[in-house]
Protein chains: 2
Amino acid sequence: MIGASLAEQSTRDGFLRSALTANGRGLALPDFFSWFEAQRAAQPMKVQRVPLASLDGWQIDGTPLRLAHRSGKFFSIEGIRVVTDFGAVRGWDQPIINQKEIGVLGIITRLIGGVRHFLMQAKVEPGNIDGVQLSPTVQATRSNFTRVHGGAGQPYLEYFVSPGRARVLVDQLQGEQGSRFLRKRNRNMIVEVDDGVPLDDRFCWLTLGQIKRLLECDNIVNMDVRTILACLPLVDSDAFPFADGDEMEDLAGRAAVAPVHGFARELLRSLVNRRAALHTTTELLHWLTGLRVRYTLDLAPQPLDALRGWTMTADEVSHDSGLYFSVIGVDVDAPGREVAHWQQVLLEHGGFGLNGFVMKRVNGVLHFLVRACMYPGNHELFELGSTVSRSNADVYFGKPNAPRFLDLFHEPPAEWVRYDAVQSEEGGRFFHYQNRYTLLELPEDVQIEEPESHRWMTLRQVQNFVRHGYFNIEGRNLLACLDLSAREDSHGAV
Amino acid sequence: MIGASLAEQSTRDGFLRSALTANGRGLALPDFFSWFEAQRAAQPMKVQRVPLASLDGWQIDGTPLRLAHRSGKFFSIEGIRVVTDFGAVRGWDQPIINQKEIGVLGIITRLIGGVRHFLMQAKVEPGNIDGVQLSPTVQATRSNFTRVHGGAGQPYLEYFVSPGRARVLVDQLQGEQGSRFLRKRNRNMIVEVDDGVPLDDRFCWLTLGQIKRLLECDNIVNMDVRTILACLPLVDSDAFPFADGDEMEDLAGRAAVAPVHGFARELLRSLVNRRAALHTTTELLHWLTGLRVRYTLDLAPQPLDALRGWTMTADEVSHDSGLYFSVIGVDVDAPGREVAHWQQVLLEHGGFGLNGFVMKRVNGVLHFLVRACMYPGNHELFELGSTVSRSNADVYFGKPNAPRFLDLFHEPPAEWVRYDAVQSEEGGRFFHYQNRYTLLELPEDVQIEEPESHRWMTLRQVQNFVRHGYFNIEGRNLLACLDLSAREDSHGAV
């Protein structure tokens, strides 16, 4: 064996120890909730519907007709006609968000008492369900840097944009919802500092274990935290190439503050074991390349008021079925924000979506059933995602046109459920966009055939694909809910 | 240590043994040259210039004006205006090839007498320097599948497109020249068969070592072979995570048919050593993400007859400086081909380009100085490439506007040169497009500062980035010339 053991490695980089530590020195969870409630009260925001046609600062014009900010900045809502030869539905029209610029989603991390902590922010957005959500240290659009809306500078932004201010642990371009955004990507970053940074009231330090506890609650941890945490290398395969059963035991005994067992142990085995994978990476790339070559997707611009199946009024743009989403306008009063009043466009979502992974032990090691997803706003024709991801999931349960594997998530046996919570998507663009996030571990004897669109992968393979930008935000954000600190009795422990 | 040694691994997958085997059982090299000359005689092709305006099957029209095949298939030549805030030249106009469809470049491989062989083809293209070149088993555009030009089916194509006909060892989408093609990608494949396949006169079996010998000659191995071979995992890091010095010795003693030493040994160390890298993969991704976020590139369509700096006549489109390339028409007579006569567009290149890698031992292990390249037709804003890549290199040697590191390649000391040959680019699109391919290993005491555009990487890191599509064709095709079978006396051995 070469160099450090897995246990030593995990101590050195601190990620794994942080993941296993539910109680950090930053804030105990009861204190967290007091602080969070205080922030909810301190950051009031009043959001009211305004007709699209009378939205201050926005205009509906152009050829083809679209809805855009008068400054040419922020984003626009455009119509597209989609034609594809893949999947059950071969063509549709829809509005889509066009936001070309790349923003920064960043978290500052620091060792406190030998345990890695993350600097989190309580932040309110107009589309949030219940006021403030736990947000990254920084959420900055390029408009923030260039000060389009004339507000004060964002605190901590310099740690992410000024070279040398912090050590970079994660820096990846990752895509956002390809069903809602046209090729939108953000820069996902985690940077490390040695010393304390000035701590504003709206910020607090939490361990990874604490954040995972909070992910068990509905709608507390925002979308941007999830996408960043999904990029975090729990076991860095560059620095630490492999581990076997014996080292797993080491890990529990030496690095972890609590024994790892149950599902968390299955996750760790799936991260470190490199020989039990059902498919080699070569086979997985062959599968994905085949899909990317075999199918086509064509987008054509369409006027926003002439989308088939959609109706545009002075108030909103909505689907005639009542499903999917509506484009609405809101007036926002936010005394605590950089800019205290504005009006903007949001995509409103009724009902609940489902974002679910099916997992199962294959060759004795936990595998994830990964789906190749084609969405009109994808950067690549096919990207990897969770087993099922569908808005208005309840409409499809048990129906002949239900997406593959959806029905496994309809009232599954309790002993299959490894994670189940409602999470909401970015409140700066989406109004009440809620998805039920569910992780199911099926018994080994349940047979699942892999259709053309799905392949089993170990967590190690998944993590490597995430790093190189293959995974979509639905897949990444569900992976962020995987919890190495979960214990048999964890639900009663907080 | 777990599982098989590097030596056993290399025997099992056969790549390394093939790389180390200059004489296979397929064809000895003297026999190869006899066969190759016979093929040159058997596949005559007559290529004559024809004015663009009178090219059969092609038309110049549309808004903006472009040159395209009347069928709407094959490819078109379009004008673009490029504006960027990166690099010394911030804007220019140029013609570019628009060919949306993805083709297959594929090689069949098979163990013969325990040594892996590759099924190569002698194939003539109108833009080739000297008739036939050594080509992959299959070079098929989507037009080939769908039979646009009405020719006979390609032999062996079914091994690449029919599931189950062969085991897939490599299957990756890889880009082509971003300075000449608009977002063109091809599917690069290597597939394995167990039994013999019927052997047409135009085909022969060669080991990797033999192909590397042929790459020491000018203009014999075509571009498509190089791009495929660059994707070949010499040491599969999935299956075989690491090796140390001792195992390297093992390798020479047990798997290799000849001892590995000199530069080949340096290459192997750079492939298997995972701890001596100057930068971690995290640091390299941070560097690349920073570039992709910091700079912009905008393309706008321009009429082909109104490109600044270019002149369009009935004959051709050419740059006023005489540099870069010209768009020309040719008439082709090829009795041995599927279609015996046609006319087509080619990009004609005068002079020589340079494609060079600077290498150096850093931390005791060979590193490659990799450049982040922005070309207008890139799929990603920045892709990775060789240290220097420039057409008309001789014009720039010693000039103030020479690209960074170019002058290192101007009459370098002989003891630095690890590879030096003239290779030509795809003769189906380019007429006499020759580049001098050079690998230089600088002494350890030569100091090289990394500019914003360049980073040192080990061969292991390079290979991993190639696999996930980060490397451009200039970088990949030069990497394909790296030769594990090279020995001190190799130049006299053939």
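## Burial and make-up of chain A

In this predicted model, buried residues, meaning those under 20% relative accessible area as judged with a 1.4 Å probe and protein chains only, make up 61% of the 494 residues in chain A. The chain has 13 helices and 25 strands, where helices (H or I, at least four residues) and strands (E, at least two) are DSSP runs numbered from the N terminus. Chain A exposes about 18,400 Å², of which carbon and sulfur atoms supply 49%; such areas come from the Shrake-Rupley method with a 1.4 Å probe, and for residues only the protein chains shown count as cover.

Contact means heavy atoms within 4.5 Å, and among the contacts in chain A with a separation of 6 or more, 74% are between residues 24 or more positions apart.

Because this is a predicted model, local features need pLDDT of at least 70 and side-chain atom pairs count only at pLDDT 80 or more, whereas totals for chains, interfaces and linings use all residues. Residues are numbered from 1 along each chain as its sequence is written, chains are lettered from A and ligands numbered from 1 in the order in which they are written, and side-chain values use heavy atoms, with hydrogens and water left out.

## How the two chains are related

The same surface serves both copies, since 100% of the contact residues of chain A recur in chain B.

## The largest cavity

A cavity is here a set of points, on a 1 Å grid over the protein atoms alone, where a 1.4 Å probe fits but cannot get out, and its lining residues have an atom within 4 Å of a point. Grid points are joined across faces, edges and corners, and a volume is the space filled by probe spheres set on the points. By this rule there are eight cavities of 30 Å³ or more, and the largest cavity holds about 680 Å³ of space.

Of the 39 residues that line the largest cavity, the closest to its centre are Glu380(A), His468(A), Gly469(A), Glu380(B) and His468(B). Strand S10 (167-175) and helix H10 (281-294), in chain A and in chain B, are the elements that give two or more residues to this lining, and S10(A) provides the largest share, five residues.

## Buried places in chain B

Helix H6 (residues 208-215) of chain B has eight of its eight residues buried, so it is largely enclosed by the rest of the structure. Ser389(B) lies in strand S21 (residues 388-390) and is buried as well, with a relative accessible area of 17%. Leaving aside neighbours within four places in sequence, Ser389(B) is in contact with Leu354(B), Asn355(B), Arg371(B), Tyr375(B) and Glu474(B).

## Backbone details in the loops

A cis peptide bond with omega of about -5 degrees joins Thr63(A) and Pro64(A), and Pro64(A) lies in the loop between strand S2 (58-61) and strand S3 (66-69) of chain A. In chain B, the peptide bond from Thr63(B) to Pro64(B) is cis, with omega near -5 degrees.

Asn219(A), in the loop between helix H6 (208-215) and helix H7 (223-229) of chain A, has phi near 55 degrees, a positive value in a residue other than glycine, and is buried at a relative accessible area of 12%.

Key:
Buried < 20%, exposed > 50% of the residue type's maximum accessible area, 1.4 Å probe, protein only. 1 Å grid on protein atoms, 1.4 Å probe; cavity = no way out; pocket = protein on both sides within 12 Å on 5 of 7 lines; lining within 4 Å.
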